[in-house]
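Colleague: I have a few questions about this model. Please show me the sequence and structure before we start.

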Amino acid sequence: REVDDTLVFTVATSETDGFLRYQRSAIEYGIKPIVLGLGEDWKGGDNIRYRPGGGWKVNLLRNALEAYKDDTNRIALFTDGYDVMFLSDLSSIIDKFKKTDARILFGAESSCWPDAGLESLYPTVESGKRFLNSGLYIGYVPEIYKLLTYAPLKDENDDQLYFTHAYVDDKLRNQLNFKLDSNSEIFQNLNGALSEVELYQDSEKEYTEFKLKNVVSHTEPLVIHGNGFSKTKLNALGNYLARAWTPEEECRHCRWGHIDLQKTKDAKMPVVLIALFIENPTPFLQEYFLKIGDLEYPKQKIHVLIHNNVKYHVPHVQEFVEGYGSKYLSLKQITPDDVVTESNARDLSLDLCVQKECDFYFSVDSLGHLDNPHTLRLLIEQNRTVVAPLLVRPEKAWSNFWGALTQDGFYARSHDYLDIVYNKKRGLWNVPFINTCYLVNGTLLRKYGRTQLNYVKGNLDADMAFSGNLNDLDVFMYVSNRVEFGHLINAESFDTTRTAPDMYQIFENGRDWAARYIHPEYPEIFNPNKKPLQPCPDVYWAPIVTRQFCNDLIAMMEAFGRWSDGTNEDNRLTGGYEAVPTRDIHMNQVGWEPHWMLFLQKWVRPIQEHIFTGYFHDPPRSLMNFVVRYKPGEQPSLRPHHDSSTYTINIALNEVGKDYEGGGCRFIRYNCSVTDTKAGWLLMHPGRLTHYHEGLLVTKGVRYIMISFVDP
Ligand SMILES: O=C(O)CCC(=O)C(=O)O
Ligand SMILES: [Fe+2]
């Protein structure tokens, strides 16, 4: 049959990511291209725009067609191999070709290249594109053979120019019945036509798939060519086309090449170099390291390199190195004292990976929290040259990839960016820019030396330089959101001149703040099967914050140090007078009032609503929020009083019996005391009338509590 007799040719010297995509699209539509040049050195010259370009392609094809040159009815289809995808089966392509009545049909484009001087020789067209592109063509073998032999062509000469000369020669064009596919009935060259193409869902077949339509010519092209500067667009379209992603089956190309390591013995697992970069002060760095340490992957297969550029973080790095360092195959540190730039450190880490004969290179910046301990294994199993786990700032549209680029290489939003970031679509996405965390196959590092693959490119930041260089090398960068991998930290307002700076991160990094500072048993108070603890009548008792919270809050106050003097005069208050003074520091004195108010709203108010039912006040109001210090010789107790509050919370910040002796709170009307307070637990009680109370005598050590008079 005609379809079976049709010869499909491409030229590819190596199996680049683009070539694999080409082959997969061919398999999808049952097309079996003959690949010319595989494994050979490229002999087609340095033709960037039409790579792979060059006369060599033509000469290879001529040799391959020699045997068929007299087959009058045999058809041959030629496509480039690195930047092409099939969008349909061969019979549709042949049907459309036959309708053109041409014996040779080339794809068309809007610019006359490489010799713009030939423009005037081109015949005009009724509609569509006027100029020839040599990336895609089809024709009957005898005519194609004549075209390939009409003049001599050197390997390094330009093939497009060669074909153009033939086309603009009226006699030869007519003799060969040589036409251009000006309206993209079959061939869509993307360069210069980016705004003409759209994806659409074709639901006519057995199942829905994404197809391409040209909205200018109203055609549905069957082969697409991401020539020249349009390759990022082809990469974006390629996430859907050729059934890579379908509405029914979602990410079909996720399964291509996927490997399974779940049953692989530890000793057989690939060797990974994990490169950790702390380039700027970063909140929640201890948790970042814990998550690295918790990755479910044999540490005996992991080399670690840490580049820390921040003095403030030296103890955090040290903690990780002491806790985990000896478990890894090796661990190397570049410290702030070494004064190595980010790009240099990153380049060095690639070199180290090669030196260590790594199978994979895994880079994780301090902003990337890998909450999923399987991340490393899952990314290896995905089996791509470069793949990043999607990381997003919680609740924000800020992520570690860009879906599209502007002309000058900066961020542009792609049509599906938000769908991916919000996980409305899950899959594996070929994108032009990634950062923060990614896995690179070690073969890539061995294929390209550090002069080609590195973190330097003009004045660009290291991450943009790396992505730019990968783009230049035609290496695909995938980002995966097949599962949740983790999230991004926001370090924009992190101020390490403060004491306990992470405590101030409740707004920017709320999720991490809560994970570190909210007591893990906080939710228990809402457990319907449990009765809230009530040590005295209408005095409730519940865990709310962690020990770290308590320690950090004390540290903040002690670093500030200006405890009130315990007299009745208090110029911090509007009236300037305090009837029952304590030695204390207010939250607003350490710049922590807004943070505390959010804490009251998010974690204290729900307890109040749960316990004292029917009272609602959201957000809670509180003018008096302070830490009290009791100690013998200063102020060891507090005389009986009412609080000016609807309800009061009183959080113990340190431990009786360890940090101090005595202390506690006595509710006089009930003759009931809470003396076995627990650090991180709050007492909640009404402020007035019934709950007349006093602070009991501290006999030894220092007692700290945190007080708020809510809704005064
Ligand atoms: O020492 C205590 O636990 C009570 C403190 C108190 O009542 C207050 O600061 O208003
Ligand atoms: Fe009080």
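Modeller: Axes are lines fitted to C-alpha atoms, for helices over the stretch in contact, and angles run from 0 to 180 degrees between N-to-C directions. Helices (H or I, at least four residues) and strands (E, at least two) are DSSP runs, numbered from the N terminus. This is a predicted model: local features need pLDDT of at least 70, side-chain atom pairs count only at pLDDT 80 or more, and totals for chains, interfaces and linings use all residues. Residues are numbered from 1 along each chain as its sequence is written, with chains lettered from A and ligands numbered from 1 in the order in which they are written.

Colleague: What is the orientation of H3 to H5?

Modeller: The axes of H3 (residues 55-65) and H5 (residues 141-149) come within 10 Å and cross at roughly 140 degrees. Angles under 35 degrees count as roughly parallel, over 145 as roughly antiparallel, 65 to 115 as roughly perpendicular and the rest as oblique. Therefore H3 is, relative to H5, oblique.

Colleague: Are H9 and H10 roughly parallel or roughly antiparallel to each other?

Modeller: H9 (residues 285-293) and H10 (residues 314-324) pack with their axes 9 Å apart, at an angle of about 25 degrees. The two helices are therefore roughly parallel.

Colleague: Which peptide bond has omega near 0 degrees?

Modeller: Trp 113 and Pro 114 are joined by a cis peptide bond, but omega there is about 5 degrees. Pro 619, in the loop between H18 (593-611) and S32 (622-630), belongs to the other case. The cis bond with omega near 0 degrees runs from Asp 618 to Pro 619.

Colleague: Where is the pLDDT below 50?

Modeller: pLDDT is the predictor's confidence in each residue, from 0 to 100. The protein chain has a mean of 95, with 98% of its residues at 70 or more. The stretch with pLDDT below 50 is residues 47-52.

Colleague: How far apart are the C-alpha centres of domain 1 and domain 3?

Modeller: An automatic or database domain assignment supplies the bounds. The chain is divided into domain 1 (2-183), domain 2 (266-488) and domain 3 (501-710). Between the C-alpha centres of domain 1 and domain 3 the distance is 78 Å.

How values were computed: Contact = placed C-beta atoms within 7 Å.
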